[in-house]
Amino acid sequence: MRDIDTLVAELSSDVANKRAWQRAPAALAGKLLAVLFIYGAAVQVHLGLRADLRLQFARPLFDLEILLLAALALSSVIAATIAMYPDAYQKPGWLKLPYAVAALLAVLMIVQLAMPTDARMVMAAPGMIAMHCAMCIGWVAMLPSLLLFVILRRGATVRPLQAGIFAVLAASAIGCLTLRLSEANDSLAHLLLWHYLPTLVFATLGAVIGSRVLKW
Amino acid sequence: MIPPGDNAADLRALFRLGMQGDKASYALFLAQVAPLCRRAAARRIRGADLDDVVQEALISIHKARATYDGERPLLPWVLSIVNFRVTDHLRKHYRNAGRDAVDIDLVSDRLSDVTEPVGDSESVERMLGTVPRREQDILTLMHVEGYTAKEVGTRLNMKESAVKVAAHRAMKKIREAFRP
């Protein structure tokens with residue numbers, strides 16, 4: 001390789017070609033969230049709303065689940081944006097937020113398993129093929145995942161694996177949220193197996209993709 | 001290893017000037033950051049690779065310069081890039097080290113076959129044949145079957161000390177018989 005002085009001379013001659021980002025990550029995260037919100041609304045219009053949605057919103061645990069899914073999308077977008085900066089914009093705590101929200105969601109689902117079934121919950125017919133739920137989440141998540149990966153590539157993440165997880169987790173959370181508001185099925189086994197387990201698988205896939213495509 | 005506050009502020013000022021198009025300030029910034037990168041990388045990398053990693057870190061700092069606004073502390077930003085490059089370098093290094101490992105199948109024809117007998121001199125039976133029957137039994141019980149001298153004594157109706165003496169004499173005879 002060259003010596004340090006030659007390299008410094010080469011790099012400094014190229015300094016004017018790029019300007020520092022003027023916006024803080026909050027501005028970028030805000031824009032991304034707005035885009036994802038519009039996308040989620042469009043998907044919701046396409047999927048429709050479940051007929052008993054008002055009744056379900058009277059159930060605090062359903063409300064909490066919806067809130068946590070929204071929080072998962074929100075925190076993942078923020079974490080992905082923060083992860084674009086090598087120093088995590090010196091706010092590394094924000095990178096832990098999506099994991100904390102995901103853990104809370106897991107706790108909520110596990111706690112519900114031990115609780116008596118609410119009469120307002122709609123249970124799917126036994127033997128129902130539910131693969132389409134996982135596929136629906138995957139399809140819905142594909143476009144926002146792609147968008148987030150493209151934006152993440154513009155940054156300089158030193159956490160490509162985590163950034164990949166955040167991108168896919170944010171997109172999958174939107175898929176889960178829209179599907180939860182449209183599908184009249186509150187079976188916990190169904191939700192765990194066909195909604196949240198695939199989300200976990202997609203996030204793992206995001207880690208693999210992130211570690212490959214977010215190198216710089 | 002981190003310079004005092006004033007130096008860090010100077011570096012930030014140089015960086016900001018550089019980002020406004022002042023090439024000389026930017027060159028000075030890179031020149032002053034290079035020793036910091038070297039010190040940070042030297043904690044995990046030694047030898048000739050160190051220079052390569054410092055250069056890779058400087059190139060990465062240059063590539064990622066848009067992600068630094070010149071407002072927040074500079075050194076965490078620089079050091080996270082250096083650590084990233086060091087880890088990247090070590091990962092490649094260990095991956096290549098695995099690739100350079102010699103597959104034993106490729107050199108098996110050049111290695112002696114250790115699974116076949118290598119000659120009569122190493123035959124245990126032939127060695128034992130050089131000592132009387134009683135001593136053969138003692139050596140077999142102690143060194144093949146794993147009994148202690150006391151247990152061998154009980155089995156052969158001998159004192160423990162006599163067993164030890166007999167075993168010692170037998171080993172001496174074998175050693176003399178096969179001395180080259």
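How many aromatic pairs does a search of the whole structure find over all chains? The answer is ten, where rings of Phe, Tyr and Trp (its six-membered ring) pair if their centres lie within 6.5 Å. This is a predicted model, in which local features need pLDDT of at least 70 and side-chain atom pairs count only at pLDDT 80 or more, while totals for chains, interfaces and linings use all residues. Residues are numbered from 1 along each chain as its sequence is written, chains are lettered from A and ligands numbered from 1 in the order in which they are written, and side-chain values use heavy atoms, with hydrogens and water left out.

**Meet the two chains**

- Chain A contains eight helices and zero strands; helices (H or I, at least four residues) and strands (E, at least two) are DSSP runs, numbered from the N terminus.
- Along the principal axes, the C-alpha atoms of chain A fill a box of roughly 75 × 30 × 30 Å.
- Of the 216 residues in chain A, 48% are buried; buried means under 20% relative accessible area, exposed over 50%, and partly exposed in between (1.4 Å probe, protein chains only).
- In chain A, 84% of the contacts with a separation of 6 or more are between residues 24 or more positions apart, a contact being heavy atoms within 4.5 Å.
- Chain A exposes about 10700 Å², and carbon and sulfur atoms supply 72% of that area; accessible areas come from the Shrake-Rupley method with a 1.4 Å probe, and for residues only the protein chains shown count as cover.
- Chain B has nine helices and zero strands, and 37% of its 180 residues count as buried.
- For chain B, 58% of the contacts between residues at least 6 apart in sequence join residues at least 24 apart.

**Inside: the nonpolar cores**

- A nonpolar core is a set of buried Ala, Val, Leu, Ile, Met, Phe, Trp, Tyr and Cys residues joined through side-chain atoms within 4.5 Å.
- The largest one has 54 residues, and A:Leu95, A:Leu152 and A:Tyr196 have the most contacts inside it.
- Several helices of chain A each supply at least two residues of this core, including α2 (25-47), α4 (60-83) and α8 (188-213).
- The largest share of this core, 13 residues, comes from α7(A).
- Apart from this core lies another, of 39 residues, among them B:Phe29, B:Leu30, B:Ala34 and B:Leu50.
- Beyond its neighbours within four places in sequence, A:Leu95 touches several residues, including A:Ala79, A:Ile82 and A:Phe166.

**Rings in pairs**

- A:Tyr85 and A:Tyr89 form an edge-to-face pair, 5.0 Å centre to centre with 70° between the planes; planes under 30 degrees apart count as stacked, over 60 as edge-to-face and the rest as tilted.
- A:Tyr85 is buried at a relative accessible area of 2%, and A:Tyr89 is buried at 16%.
- B:Phe15 and B:Tyr26 make a tilted pair, because their ring centres are 6.5 Å apart and their planes at 55°.
- B:Phe15 lies in helix α1 (residues 5-19) of chain B and B:Tyr26 in helix α2 (residues 23-42) of chain B, so this pair ties together parts that are eleven residues apart in sequence.
- Both B:Phe15 and B:Tyr26 are buried.
- Ring pairs link B:Phe15, B:Tyr26, B:Phe29, B:Tyr68 and B:Trp77 into a cluster.
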